[in-house]
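Subject: Structure handover

Hi,

Here is the structure I promised to pass on.

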Amino acid sequence: MRIRWIHACAAALTVALTAAPCVAAASGAHGGAWRAISSDAAAERFARHDVFAVVPPTGNGARRYYVEPTSGGGVARITTRARMPWTVHVDYALNGPNVDAAALDGATGTVQVHVRVAPDDLADLDMRRYAQELRTFAMFTVPAQCANDVSADDDVAVIHDGNTIVVSSTAAPGATLDMRVFIDATKFSMGDVTVAALSAASTDEYGAALRALGTQSAALTGSVTASAHTDDGANAALSKTLTALRDQERTLAKQEIAKRGDEHQRAFHDYMAAYVGSYTNHLSGSVGTKTQMTALMGTAGELKGDTPLAHAVTGLATAVNNVSDAHQHTGAADEVDRIITRIRQQGTEGLADELKRTAGEQARIGARMYADGQGQLSRAMIPYSMAYTDVYTSNLNDLTGGDVGRANAMSTQAIEATNAQGGEGTLGADKEGVDAAMAALASAREHTGAANAAEQILQRFPDEIASVGTDTTSDAAVSAQLQPVMRDAALMRTAYEHWLAEPLGGAPRVRRAQRIADAQRRTQAAHGVKDMSTLVTPSDNDASADISKYAGSVTTSIGGGSSGSGDGGGTTTSGTSGDGTSSHARRGRSPTAISEDEWMSLVDANPWERTFIAANTQPLIDETVRIASARPALDATADAAAQGGALAGALSHGPMRAGIADVLDTRFLIVHKAT
């Protein structure tokens, strides 16, 4: 009887939910009642609001979010099929032919991105007013590591912002924005295309308005997620602790990258000095103006053993590892920042599984990229070493008049002269290849740092992450872990509590979770306060063999020596020592970690999960998070729009604020999904 009653309740809920009319709806920022809004009132509702939307590649039909621009203002969510004031079209091409956006993911070659934002002539008159009176901006981001070169028209700003390139353009009110960008790409990726529309009275005001629009996107995200994921005291405490860890990693990144970078520069120059010093010892006849191949081959025997060159190889290997590892702190800080944002937007529900996936994925990406970077460095050092030796030989010949007997005495001066010419001609171009390889290694270690951060947070804060900061030893907390989806639905909670009390139902699962929680609590107490040390663990792979390979590959390329591998690329797997043991495995698990089986017992414990219906807010969360992710591009475009920025000229020559106040006080942010 009870089972039939439960299924009847579920059926009733299904009918109630599916029978609800599909109308536009809005909610207050602070949990106000939902109220119906007709589609006909959409244009009027735009007035004096910040309007956000994520549109699919097909264009219209997006859900709209309205945010009151005043501080603490209400937020409305509107679902409507009415048209927007503009149409947004994005076309892509790869090496000439047009392709879908999906075909560009990971592609190498010449990528063309064509963005066209035009007033929608099919929209009604009230809607068209916004297109006629608001200036449009279009922007997107590209990771710097995948863009070898970016070119565009004169009215397009290409902004280098750390590890990201932001491309943006603008068009006057009522005009069509047409932006074509060409990217010489390696393993291409890009962010969503973002369109902003607003009005201002000066270039500086445009910059301020773009930044304000980015700030409002965070308010939108908070309003959608606040009802389900309130940042209570426990989450606030966790966020505060994570913020301290993030700031600590950022400080360490700044310090370590500067320190290790200087050490690498010294080690690099010491290595090149030892390399050409060995080469000098093997010169014969006249010095000449080009590298003596027989002398170069003589260096091969000094790459190992107790020689100055072998010691320089080891020093450079250590410096390469250390400066690359320093970038782990950057990756760790970025990952912790992402986790903090995720907790504030979505709470900690499901975070444990997410962190496990992140740790695994980022570790794999980092290891693969580091191996690729080692090969890239090996290949880059071949032409650089040859070019360096050529320039050094020419300088040495000038200083000695070709007399080999004076070569050792003048070697230091020849090295100084060669270093002074480091940015010129072929030598400068080849050095850019070496620098690009070092950048690839640094980027790889950022992924490794992100993996370490996810793993460490998962191990250091199991209680806070698993139970939303509550006391995991209580029956209520354990029940919440087992079934978080239904805890806020009164009818479902009653049925679920009956199941929890059944000896053959939820009771044994609760007891199992209780034992796990108790064990964690005892371990936590035994180990004292939370570990606040760095989240980064230095890698322990020894790159000296790879340095020897690319040093020896110079002689291999001219027919002598051995690189020790088929391609001379130095493809030692990152994070693995000579005994084949992973550095992560040797570090061991935190004493607070629990087994995979124990984690899974918390994930699959509840059989009601597929029977009952719960409101799905995930699409709203995904959309608003996507909108909030446009903020860095908005900030960079704001800098370009301000006085003296790359877009300031276009703004200063165009019309400034003019029109109807209700329209001019409205701002739009439209995110165009690539896929």
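Bear in mind that this is a predicted model. The average pLDDT of the chain is 74, and 66% of the residues score at least 70. Residues 1–40 have a pLDDT below 50, though in the model this stretch makes 50 contacts beyond near neighbours in sequence. Residues 227–232 also fall below 50, with nine such contacts.

Now for the rings. Searching the whole structure turns up seven aromatic pairs. One of them is Trp 86 with Phe 668, edge-to-face at 5.1 Å centre to centre and with 80° between the planes. Trp 86 sits in strand S6 (residues 86–94) and Phe 668 in strand S15 (residues 667–672), so this pair ties together parts that are 582 residues apart in sequence. Both Trp 86 and Phe 668 are buried.

Another edge-to-face pair is Tyr 279 with Tyr 392, at 6.3 Å between centres and 70° between planes. Here the link runs from helix H5 (residues 233–281), which holds Tyr 279, to helix H9 (residues 351–400), which holds Tyr 392, and the two residues are 113 apart. Tyr 279 is buried, at 0% relative accessible area, and Tyr 392 counts as buried at 0% too.

Arg 129 lies over the face of Tyr 130, 5.8 Å from the ring centre. Elsewhere, Arg 135 lies over the face of Tyr 206, at 5.9 Å from the ring centre.

Cheers

Definitions and conventions:
Residues numbered from 1 in each chain as written. Predicted model: local features only at pLDDT ≥ 70, side-chain atom pairs only at ≥ 80, totals over all residues. Heavy atoms only, no water. pLDDT = per-residue confidence, 0-100. Contact = heavy atoms within 4.5 Å. Phe/Tyr/Trp six-rings, centres within 6.5 Å; stacked < 30°, edge-to-face > 60°. Helix = DSSP H or I, 4+ residues; strand = E, 2+ residues; numbered from the N terminus. Buried < 20%, exposed > 50% of the residue type's maximum accessible area, 1.4 Å probe, protein only. Lys NZ or Arg CZ within 6 Å of the ring centre and 35° of its normal.
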